[in-house]
Amino acid sequence: MLLGLKQVWGLLLEVVYALVHGSWKVSDIVAQIYQIGVRSQSVVMVTGAFTGLVLTAQTYFQFHKFGMDTLTLAVNSVAMCSELGPVLAALMVAGRVGAAMAAELGTMRVSEQIDALRTLNTHPVDYLVLPRVAATTIAMPVLVCEAVAVGIFGGYALGVYALGIDPIYSWANMVNMTHVKDLMTGIIKGFFFGGLISFTGCYKGLFCKNGAQGVGEATTDTVVISSIGILMLNFCLTLILSKIL
Amino acid sequence: MIKVSGLHKSFGTQHVLQGVDMEIQTGEAAIIVGRSGGGKSVLLKHITGLIQPDQGQVFINGVDISHLEERELLKIRRDMAVMFQGAALFDSMSVGENVGFYLQREGKMTSGEIEKKVAETLELVDLNGMQHKWPSDLSGGMKKRVGLARAIIHNPSIVFYDEPTAGLDPVVSDSIDHLIRRICDIRQVTTVVITHDMRTVRTVGEKVYMLVNGKIYLTATPDELFASQDPVVYKFVNGISDSEDVLS
């Protein structure tokens, strides 16, 4: 436990040092943004769309009983921006990207590729960790925005065209009740979730035990720790950001 | 010059190195032999700074590297190269990208110059025109040659080989041994080979260090090693196990 904390702290300091003094390359970060951000878009957008659809449907079923139909999209919009969009997008990215990072780095470790890097005048944090952490923290807020946008417009389409909610009042209520701070909350959460997912994946990969079993455990641990971490961090960020913003 | 002084390393209750002392002179082709699991690779990892000792020191050209930080070690390693036992090629890169990795990261050459240097180095290891192949397309011997090309592309002055012929047939092993000797002669590099293959000792070695029970048991020339009547050395050189001893 103590050794694990020491390793986490050491890696965190190395990432910060690498950011300031390391020999990282912009091209490595761009390549990772493509792998992590661009290639996660379909998964995140599908997640955002169906979350928006089901949230709109459930909200409408309850609000309709009280004649509050035109507030349905406002609830969907606020929830998607500040909570569901960032959390569900992050959970999907943790499963897709975090697991892949742990597996890739873990395999490199057990096949001595990381030792080979070290003998080729390359610090593993500069070449492997920093580009992944930077790319995920940059890409995640964008992915959150995509999930939120698809979720809101999916909900709007369902509400207006399938459930028959009045479009004018719905749109007006949605715009009135959704504030910039709701979207900012989601974007800031995306930034922190991106850092959490990538750091966990890289840490678990770099320090995984030998053999295929070690790589498997690192992958599983990454998804579990990232997922629980996202939910806990989301709660903390909700409280903190509600005070700050 | 490489100097190892009083090196100790344990993993849990297993004491792998128990006071290794040795000196390898500049330009020498040194062979470290010993039984499988005897700590040869662990010793190599200490000399290359990949792991830190529990006790003792490793000096590379007069600098004690045993407790240096990783970023300080990178500067020392610029003058070193390692060919790993399993080649350790980057499997997400082509052969050309693997071989040119050091130069590409260094950023001092244009891509055209790197390509030319990669082609020259691949020619040196008899792999002309293999730049576009992938590591998964190569045989064990070819992977080791690519690993060697990647290691020596920046003209290091010390080259380490970890079991260069392990898992290869005798013919390929012989070609790898001759290649190591050729690079040693052409580039005048200090060569350190970890092996238990006696053919490698004959073909490459100028000085042999025998590791027994975590210590250097013998320092000799290859001829002295093969002529030794010391029971431990004789059994190792001739491949006689303790069970044969019991039977006789």
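**Contacts within chain B of the predicted model.** Among contacts in chain B that link residues at least 6 apart in sequence, 63% join residues at least 24 apart. The model is predicted. Buried residues account for 41% of the 248 residues in chain B.

**Overall dimensions and secondary structure of chain B.** Chain B comprises 11 helices and 10 strands. Its C-alpha atoms fill a box of roughly 60 × 40 × 35 Å along the principal axes. The radius of gyration of chain B is 18 Å, which agrees with the value near 18 Å that a compact globule would have with 248 residues.

**The hairpin of strands β9 and β10 in chain B.** Strand β9 (residues 207–212) of chain B pairs with strand β10 (residues 215–220) of chain B in the antiparallel sense, over 5 bridges. Between β9(B) and β10(B) lie 2 residues, and B:N213 in this turn has a positive phi of about 50 degrees. B:V212 is placed opposite B:K215 in β10(B). In a regular strand, side chains alternate between the two faces of the sheet.

**The side of chain B that touches chain A.** Contacts between the two chains involve 18 residues of chain B and 11 residues of chain A. On the chain B side, the elements that give two or more residues are α2 (70–77), β6 (80–83) and α4 (101–106) of chain B. By class, this side of chain B has 10 nonpolar, 2 polar and 6 charged residues.

Notes. Residues are numbered from 1 along each chain as its sequence is written. Chains are lettered from A and ligands numbered from 1 in the order in which they are written. This is a predicted model: local features need pLDDT of at least 70, side-chain atom pairs count only at pLDDT 80 or more; totals for chains, interfaces and linings use all residues. Two strands pair if DSSP finds at least two bridges between them. Helices (H or I, at least four residues) and strands (E, at least two) are DSSP runs, numbered from the N terminus. The radius of gyration is taken over C-alpha atoms; the globule rule is 2.2 Å times the number of residues to the power 0.38. A residue is buried if 20 or more other C-beta atoms lie within 10 Å of its own, exposed if 12 or fewer, and partly exposed in between; C-beta atoms are placed from the backbone. Two residues are in contact if their C-beta atoms, placed from the backbone, lie within 7 Å. Ala, Val, Leu, Ile, Met, Phe, Trp, Tyr, Cys and Pro count as nonpolar, Asp, Glu, Lys and Arg as charged, and the others, Gly among them, as polar.
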